[in-house]
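Let's take a friendly walk through one protein chain. Have a look at the picture first, then read on.

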Amino acid sequence: MTVLHQEHSAHAHTHGPACGHRAMVHHDHLDYVHDGHLHREHSGHWDECEPGEHVAHSGHAHVHGDGCGHPAVAHGDHVDYVHDGHRHAAHEDHWDDH
């Protein structure tokens, strides 16, 4: 998966263990959920952590929703579910890997 390098400009808030925003492991880094965006630290600044392409999560038989046991995170105009270090989002008849 390719992640776009999109710097989140004018981000004065510093994320960390006591910042009050949910942190989640995402591949090899931590994302922080903030105002419907996912931010990650990168070379002294904060980037939006967004997928650069459509990636379907194949072989995902589990259906996410209320009560599924996985944290739900508002992400833009939809909800991602955090599952095994990935964020899954419903898309047409499958789940995308964010």
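This is a predicted model: local features need pLDDT of at least 70, side-chain atom pairs count only at pLDDT 80 or more; totals for chains, interfaces and linings use all residues.

Residues are numbered from 1 along each chain as its sequence is written, and side-chain values use heavy atoms, leaving out hydrogens and water.

The protein chain has 9 strands and 0 helices, and along the sequence its pattern reads β-β-β-β-β-β-β-β-β. Both kinds of element are DSSP runs numbered from the N terminus: strands (E) have at least two residues, helices (H or I) at least four.

Here are some values for the whole protein chain.

| Property | Value |
|---|---|
| Buried residues | 39% of the 98 residues |
| Accessible surface | about 5,800 Å² |
| Carbon and sulfur share of accessible surface | 49% |

Buried means under 20% relative accessible area, with a 1.4 Å probe and protein chains only. The accessible areas come from the Shrake-Rupley method with a 1.4 Å probe.

Four strands form an open sheet in the order 6-7-8-9, with antiparallel pairing. Strand 6 (72-75) and strand 9 (94-97) are at the edges with a single partner strand each, so one side of each has no neighbour in the sheet. Two strands count as paired if DSSP finds at least two bridges between them. Strand 8 (residues 86-91) pairs with strand 9 over 4 bridges in the antiparallel sense. Where does His91 stand? His91 is opposite His94 in strand 9.

Key
Buried means under 20% relative accessible area, exposed over 50%, partly exposed in between (1.4 Å probe, protein chains only).
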